[in-house]
Amino acid sequence: MITFSVISLSILLILGVVMYLRFSASARQEMISSTQKLMEQTGENLEDYLVSMRRVSDSVYYNVIKGRDFSSQDQEIQRGMNLLYEANRDNLRSIAVYNNFGSLVAAEPVVLQKEDPNITQQGWYQQAMSEMENMHFSTPHIQNLFDDAAFRYYWVISLSRVVELTKQGSTQLGVLLVDMDYSSIERMMKQINTSNSGQYFYLCDGDGKIIYHTRQIQISNGIAEENSLQAAAYKDGVYDEVFHGERRKVIVNTISYTGWKLVGVIPYSAFTYGMFNIRYFSVIFLLLMAMMLVFVNRVVSVRISSPILKLSHSILEYEAGKTPEIYIGGSEEIRYLGLSVQSSYEQIDKLMKKIVLEQNERRKSELDALQSQINPHFLYNALDSIIWMVESKRNDDAAFMISELAKFFRVSLSKGRTVISIRDELQHAKSYMNIQKIRYKNSFSVVFEIDPAVYGCCTVKLILQPILENAINYGMVDLDGCGEIKVVGKQENGKVILSVIDNGMGMPEEEASLLLTDDSRIPKRGSGVGMLNVNKRIQVLFGKEYGLIVKSELDEGTEVSICIPAVPYTEENRKILEKGSAFTREGMTEKEI
Amino acid sequence: MKNHKKMFVLTETVLAFAIILLVFTMFWEKNGKSPYRISVVIQDSDDNQWSALKYGLKMAAEDQEMELFIVNTGGPLTPEEEKKLLEYEIENGADGVIVQPAPGNDTEKVLEDIKKKVPVMLVESAASQDKESSIFPVTEPDNYGMGAALAEELLKDYSGNVDGKTFGILTEYADVEALSSRKKGFLDVVEQQGAEICWSVSEPLSDNRKDFLETLAKVDFVIALDDNSLQTAGKYTAANDLHGALVYGIGNSTEAVYYLDTDRVRCLVAPDEFQMGYQSFTEMAESLGHLFCSVQGQVVSHTVLRKETLFLEENQEILFTMSQ
C-alpha cells in the first residue's frame, strides 16, 4: 500500500509540475502576445496622433501660409491658423511661425512672446534648419516662447519644419512650429501602464533619449535606470536581456516616421506574479489529490483487511475457547478462506467429540473390566468358606453365609449399575465381613461408625470390599483373636471419606506408598486385584483428585481411606456418572440426603 | 490497526490544515494585503511650491506600493493644529507621518507625543532651532549651504565686491530652523565682504501688507530666503515697489521661476523638492517595512538657476516637477 501511495504521489507530483510548467510557458507566451498586441495598438494610436499633428503642420503650411503674403494677408493667415488650432486644441499647445532671424511672424493662440526667447538657439529651430526637407519631432521640453502670466510652464513636443514665407512679394525661409501637448502622449502611455505586476512601457527616441517613462524623473535624478540606449538599437521584436541583474523580456515597436521606439518591459518576476495564484492552485490541487489518495488507500485497505481481521478475530475467539461463527465475508478469496477454516473447525469438533466418546467408552470398558475382576475372586473365597462349613457340618453357618452371599451378590449385581448408594455399598461390605468373620471364626471384630449423612451419596460399587479383604488378609490373620476392623464413614468439605482402620501389623511407610503406585507388585495373599484396582476405579469415575489414601505404621495398624465427592445419589446423577463423562460437581443435581 | 487509523487521521488532518492555510494565504495575498499608509502634513498644502514635493511623494508611493495621503491644510498651521491633524491621521490608520514642522519654538515638544505612536519624518526644516539635539530625522536641503550659495552667486555678480552695499532680508518666519540656517549661511558669506544688512523682516507678507515694504529703507538687494517671500518680492519688483532693489532668493515654485524668467529675480536657488518628497517617503517606507530599521534623515541637493541657464536640458526636469 505504501509503494502504491508513493508511486501514485510521484505520478501526481510529476503531473502537477509538468502541467504547471506547460501552463506557465503557455501563459508566458500569451502574456508576450497580448503585450505585443497592446503595443501595436498603442503604436498605431501614437502614429495616428503624430500623423494628425503632421497634417496640422501640413495644413498650416499648404493651406494657410503658402501662397499668402504676410504683409497683406496677415489677417487671413491668422484666421486660418486659428481655425486649425481650435480644431486641434486638445492636442496642441501652440502653432507659431518664425522667420529666418528667429522673429515671431504669427502665432496661435495669440499671446505675448517673451522678451528674448533666443529662438535661433532652440533645438527645434536648429533641427529644422539643419534638415530642411524633413519635419522634425523633438523630445519633450519646456516651452520657452511665450509669457504666461499664470506662471505656467508647459511640457511640449515640438514639430518643426522649414517653410517658405512670403512678405511683400519676396520669399524667405522660416520655421513653422507646432507644439504638441505632451499630456496627450502621456495620457496614451498612462493608459497602458496600469499593470502592477512590474510590467511597464516607455517611449524613447532613436537615440535612446526617454520621451515617456513611468519613472522619468527618477531616471533623470539617477534614482532609477533604464536600458533605453540598448532598446533604441533593437529592431522591432521580442528580446531577452539582463539589466542590473534582472532578467526581462523587452518588446520593441518602432513608431513610423519619428523613429521613436515604444518599448514594453516584462520582468520575469511579472510572469510569476501573474502565475502566483496558479502556483497556489497547483499546490492545493496536489494536496487535495494526496488527501483523496490517502482516503482511497484507506478505503481500499480497509475493504481488503477488514474481512481478514474479522476472520482472524473469530479464529482467535475460537482458540480462546468460545465458539463463535467463523466470519465468512469480503472478497471471494477471503470468503473461501473463511469457509475452509470453518470447515476445518467443524471437522475438528466432530473429531474431538468422537475422541471424547471413544475415550468414555474406553473408560467405561476399563471400569467394567476392573469390576469384573472382583467377582470371580470373591466367589472363589466365599464358596471355599461354604464348602468348608458344609464339610464341617455347620449348616446354620453355611445357610447364614449363603444368605449373606446372596445379599452380597445382589449388591454386586445392582442391576448392572456401576454407581450405587453408599448405603448399598456398606450393606455389601457388611455382608462381606459377615462372610469373612464366619470363615475366620470370628477371630477379629468389625465396627461400622457411619455418619448417616453419607448413606445417600453416590459411590462406585465394590470399593470397600477389596480394602476390607486386605485388612483381613494383612492385618487380622496373625493377631490371634484381638484384631479389630473399624469402618468409619463421614462427610468433610463436600467429600465423603470412608475409612477402613485396622489394628493389625501395619507396614513401613515406603511399602504403604507403593500400594497405590506399584502395579507390578505380586500380592502375597488375596486375589491380586486389591487396592490399586479400587483406586483406579474411583479415579476413572471421579477424577484424579479422588481415590485412596493409605496411612500405616508398623505394629500399629493401617488406615485406608476412600475419598470420593459427596454426590447425592439420584437417578439422574447416577446416569451422568455411569455415562462415563468426566465428573463435574456443577453437572450434578442437588438433593437433600 | 489502531496505529494505521491514527496515521490516517493524522495525515488527513495535516493535509487538510495545509490546504486551509494555503487558501487563507492565497485570499490574504489577493485581497487582504493592506499596504502601509503614510500621511503627509505640510503647510498650505495646495500651494504651488509643493508641486514637486507632492510629485516626489507620489512617485515614491508608487515605487514602494504604499498608500499616500496628503492632508489638505489650506493654510499655515500652528504646532497645536498640526498635532491635532497628525493625531487624526494616526486614528485613521496612518502608519507613519511626514511633517513639515509648523513655525514655533515648541514644535518639537508638541510633536514628541506623535513620535511615540508612529514614526515621524520631518521635511523642509528641523522642528527646533537646536538641530543637533533634535530627536526627529529630517529630510531637507542643505539650508545653510543654500544661503551661502545664494550669497556666492550675488558676489559673483559683483566680482566679490559688495562693500557698502545694503541688504534687506525677507523670511516668512523667524522661528523656523531652515530659514535661520539659510539666513546664517547667507550672512556668513556676505558679512565678510563688508555688506550692510539694513533690515530683516521675518513675517508672512500678504497683499494687504503691500505698503509695509515701501516703508522700509531703500536697499540695493532684497534677499528672499523662502518661496513665499520670494514670490512677494517678485511681485513687488514687478510693480517697482522695491525701489530698484535687486532680488535674489530661494524658491521652489513656478512663480519663483517665472520671476527669474522675467528678470524680476536675478538668481534663484531651488531645493530639489522632488527628491525631498521621494527620499522622505522612501526612507519612511523602508523603516516601516523593516522591523529594525529606524527612519534616517536625508539631505537633498539644490540647484542654482539663472535666467540664462533656466531652460538648459539639465534644469528642465526641475521645471517639469514644479509643473506637475
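**Close-up views of a predicted two-chain model**

**View 1. The exposed and buried sides of helix α4 of chain B.** In this predicted model, B:Lys109, B:Asp113 and B:Lys116 are exposed and sit on the face of α4(B) that is turned away from its buried side. The helix spans residues 107-117, and its buried residues are B:Thr107, B:Glu108, B:Val110, B:Leu111 and B:Ile114. An α-helix has 3.6 residues a turn, so residues three or four places apart point the same way. Among the elements of chain B that cover the buried residues of α4(B) are α3 (79-91), β3 (96-99) and β4 (120-123).

**View 2. The largest nonpolar core and its most connected members.** This core comprises 94 residues, of which B:Leu150, B:Val222, B:Ile223 and B:Phe281 touch the most other members. The core lies between two domains of chain B, because domain 1 (37-141 + 272-302 + 312-318) and domain 2 (143-250) both give residues to it.

**View 3. The surroundings of B:Phe281.** When neighbours within four places in sequence are left aside, B:Phe281 is in contact with B:Ile38, B:Leu57, B:Ala60, B:Ala61, B:Gln64, B:Leu68 and B:Ile98. Another core, of 61 residues, lies apart from the largest one; among its members are A:Met81, A:Ile119, A:Leu165 and A:Ile251.

**View 4. The contact between chains A and B.** Chain A contributes 24 residues to the contact and chain B contributes 26 residues. On the side of chain A that touches chain B, β4 (141-142), α5 (216-220) and α8 (276-319) of chain A each supply at least two residues. The largest share of that side, 12 residues, is provided by α8(A). Sorted by class, the side of chain A that touches chain B holds 16 nonpolar, 6 polar and 2 charged residues. For the complex, the predictor reports an ipTM of 0.84 and a pTM of 0.67.

**View 5. The fold of chain A.** Chain A contains 15 helices and 18 strands. Its length is 593 residues, of which 32% count as buried. Among contacts in chain A with a separation of 6 or more, 64% join residues 24 or more positions apart.

**View 6. Confidence along chain B.** The mean pLDDT of chain B is 87, with 96% of its residues at 70 or more. Within chain B, helix α7 (residues 210-215) has the lowest confidence, at a mean of 71, whereas strand β10 (residues 267-271) has the highest, at 94.

Notes:
Residues are numbered from 1 along each chain as its sequence is written. Chains are lettered from A and ligands numbered from 1 in the order in which they are written. This is a predicted model: local features need pLDDT of at least 70, side-chain atom pairs count only at pLDDT 80 or more; totals for chains, interfaces and linings use all residues. A nonpolar core is a set of buried Ala, Val, Leu, Ile, Met, Phe, Trp, Tyr and Cys residues joined through C-beta atoms within 7 Å. A residue is buried if 20 or more other C-beta atoms lie within 10 Å of its own, exposed if 12 or fewer, and partly exposed in between; C-beta atoms are placed from the backbone. Domain bounds come from an automatic or database domain assignment. Two residues are in contact if their C-beta atoms, placed from the backbone, lie within 7 Å. Helices (H or I, at least four residues) and strands (E, at least two) are DSSP runs, numbered from the N terminus. pLDDT is the predictor's confidence in each residue, from 0 to 100. Ala, Val, Leu, Ile, Met, Phe, Trp, Tyr, Cys and Pro count as nonpolar, Asp, Glu, Lys and Arg as charged, and the others, Gly among them, as polar.
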